[in-house]
Structures are given as structure tokens and as C-alpha cells.
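Please consult the sequence and structure shown here.

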Amino acid sequence: MSCGAILTTPYLSFPSNIFPRHKLVPATTGNNYVIRCSTSSPGIPVTTERLRNDTLLTGGAFDFEKATTSVTEKVLDSPKKVTIVRHGLSTWNEESRVQGSSNLSMLSEKGAMQAERCKMALSDMHFDQCFSSPISRAKMTAEIIWQGKEEPLLFLDSLKEAHLYFLEGMKNEDAKRIYPKEYTTWREDPSNFCVDGVYPLQKLWERAHEAWEEILLTPGEHFLVVTHKSILRALICTALGLGPERFRSVDINNGGLCVFKFNKGGEAMLHSLNMTAHMYTDHIYHY
């Protein structure tokens, strides 16, 4: 697919074969416009239209100051962008076992291939630092993606997966049969899942806040984070001001990518959720 645009002042006009019904649109004063037209198909650049102040005209927000809640409650040294990756498929994913915080589930052969796909998909991106959970399946994924970089990987305990106590290591069908009440609560009402007076999701939310502070207060502007699904859900929800009851409102595939932007006030905007085009094509991201 190809398309084009013609810039006139003070109007923007488009070729009739692209937008046959499109009328002339009044433009803001000034001549420093660059308009590019394309498609989201793999291998073709993403559409961008920029004003002279570099503001996107593709429907994105102009800014989001004071529009959300700060996750740091501290002023950042610069705006930040954070790309979060869920680890590749693990041995316990393949065996349908409850993983939780166990370190016994390893990255599988297919999971390693998924990590390689993530590495390729992000090959044109510059990251100032990579943070990872120290748990093996995430650690192995991060090591594959970050291989060849000068900066060392940083492992954060705050990025560890939720602790699920006696359910960890059990096959889902066995956990449901042996602990029907506890397993059903975890699957259907996770914010009320409780073990000996401890609510794992409350702990997870606390660690998500801690992780955001550790990441966002680090010098740099673009960070890569490799972690697990439950803590990733908590990171998304805490950034958006959602509580543990919204835990299962989002889902992220193995190798899926999520992107957040933060202003200097530590306020978050979700830019992309669970991008997986690279799992099925040789797509390389530019954002």
C-alpha cells in the first residue's frame, strides 16, 4: 500500500484517490509540517504526522499533565518511557502448573525462541537500562534480550511474581481438586485470596509501587523491564490507579510487550498493551 499527502498553507489537502471525500482542513499557522502516510502492516512504517512542536496529529494525546495520578509522588529528572516484557513460555506453562514465585520453572525451548523474537523486535530501540525479576524464567528471558549490551542487567526483588504458597508447583487440575475453595478464590476472586491472614495481591500491589519507584527514579529516559504476568498486571493497574479487584481486567501473553509513558510528575499513560505481532512475524518496533 502507498499513499501521500500534499501540504498547503493554510490548508492541508489530500489526494482524492486516498481520501475521496476529504475536504480541505484549516491548518495551524506556520510552515514546518511533515506529513507521512503509511499502514500498520509489518514492514511498512507507522503513520506519523507532526507539527513543528513535534506534537503527534494521529489522535494521540497532546499531553497528560495533571490528568492522572503520580506513581512516584516525586518529580522525575525527565519524562520516561518503559517497555515491559512478559517472560517467554516456561516449563510449568507447558505443564499447566501454578508457578507463583517458585524458581523451579525454567524457560522452555519455545520460550527461548520467543525471547529471541523479542530481542529482534526491539533491536532498533535504545534502552538506557534493563530491569528484570531474578526468578529464573524471567532472568533467562532478560539475558537473551539484553545479550551484547554494555550496561549490566539490574535484578529487582520487587519484580518477582506473586507468592501463591501451597498452590505453587501443582498442576491446575490437581490444585482445583485438592484445594477447591482456595483455588477457585484465586481464579475467580483473586483480591480476596488469603493464606494465613496474608492477601497475596495486596503484597503484589505494594511491590508494584516499589518497582515503579525503583525504575522511574533511575537516571535515563527509556527502560526495558522483564517480568511475570501477575506482577505485570499489578504494574499496569497501579500505574492506571486501579485496585487489586481489577487484577484480571488485563492479560499479557508470553513474550507480549506493554509500553508506558510517564511525564516528569510520574503520571502514567498506557501507550501499548500486549503487543504480540513479533511472535508471528519478523516485525520490528519503532515507537
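Q: Which residues does UniProt place under the feature "active site"?
A: The unreviewed UniProt entry places this feature at His87 and Glu161; such annotations may be inferred rather than shown by experiment, and feature names are shortened, with positions in the numbering used here. The model is predicted: local features need pLDDT of at least 70, side-chain atom pairs count only at pLDDT 80 or more, and totals for chains, interfaces and linings use all residues. Residues are numbered from 1 along each chain as its sequence is written, and side-chain values use heavy atoms, leaving out hydrogens and water.

Q: Why is His87 called buried?
A: Buried means under 20% relative accessible area (1.4 Å probe, protein chains only), with exposed over 50% and partly exposed in between. His87 has 1% relative accessibility and therefore counts as buried.

Q: Is Glu161 buried or exposed, and what is its relative accessible area?
A: The relative accessible area of Glu161 is 9%, so Glu161 is buried.

Q: Which residues is His87 in contact with, leaving aside neighbours within four places in sequence?
A: Contact means heavy atoms within 4.5 Å. By this criterion the partners of His87 include Arg137, His228 and Asn254.

Q: Which residues does Glu161 touch, not counting those up to four places away in sequence?
A: Among them are Arg137, Arg207, His228 and Lys229.
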